[in-house]
Amino acid sequence: MYITRRASRTATAPRTGRARIAVAAFASAVAVVAVTGCAGFEYKEDICGADEYPALSVGGTGSMCVSNNEEPPAGFVKYPQGKVPQQVGDKWDLYWQDHTLDEDGKVVDVPGAN
């Protein structure tokens, strides 16, 4: 003989109390992330790759990345110690947009940058 099993009331009952609050909180969190686009997380791009360092063009604001085991090519020099940009938009990246090094290695303003 086959006896039918009764469904549990909690399995078919609508969500109440804590469950509704949890669902509402989750939906709110998803909405905040969707609207803000994860504004709390800022991505910073490195100037050069892991095995490279940045080099500054003499007399200009151009730069390039050079392999760690090589010297900069003609017309480029290593940035002065302590003034090397690490990430796009950092303090030294912005500084070198209107400063450069002359042929003697002295920091000078770039003509027409200000």
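Start by selecting S57: this residue is buried, with a relative accessible area of 12% (buried means under 20% relative accessible area, exposed over 50%, and partly exposed in between, using a 1.4 Å probe and protein chains only). Before you click on, note that this is a predicted model, in which local features need pLDDT of at least 70 and side-chain atom pairs count only at pLDDT 80 or more, while totals for chains, interfaces and linings use all residues. Residues are numbered from 1 along each chain as its sequence is written, and side-chain values use heavy atoms, with hydrogens and water left out.

**Around S57**

Keep S57 selected and show what surrounds it. Leaving aside residues up to four places away in sequence, S57 touches G62, G75, F76 and T100 (contact means heavy atoms within 4.5 Å). S57 itself belongs to strand 1, residues 52-57 (strands are DSSP runs of E with at least two residues, helices are runs of H or I with at least four, and both are numbered from the N terminus).

**Along the hairpin**

Now colour strand 1 and strand 2. The two pair in the antiparallel sense over five bridges (two strands pair if DSSP finds at least two bridges between them). Five residues sit between the strands of this hairpin, and there G59 takes a positive phi near 80 degrees. Next, pick P54 and look across: C65 in strand 2 stands opposite.

**The disulfide**

From C65, follow the sulfur. C65 is joined to C48 by a disulfide, S to S 2.1 Å (a disulfide is a pair of cysteine sulfur atoms within 2.5 Å). C48 lies in the loop between helix 2 (18-36) and strand 1, while C65 lies in strand 2 (residues 63-67), so the pair ties together parts that are 17 residues apart in sequence. The structure holds one disulfide. Which end is buried and which is partly exposed? C48 is buried, at a relative accessible area of 13%, whereas C65 is partly exposed, at 30%.

**Last stop: D46**

Stay in the loop between helix 2 and strand 1, where D46 is also found. With 47% relative accessibility, D46 counts as partly exposed. What does D46 touch, setting aside residues up to four places away in sequence? Select Q86, Q87 and V88 to see these contacts. Finally, draw a C-alpha to C-alpha distance from D46 to V88: they are 42 residues apart in sequence and 6.1 Å apart in space.
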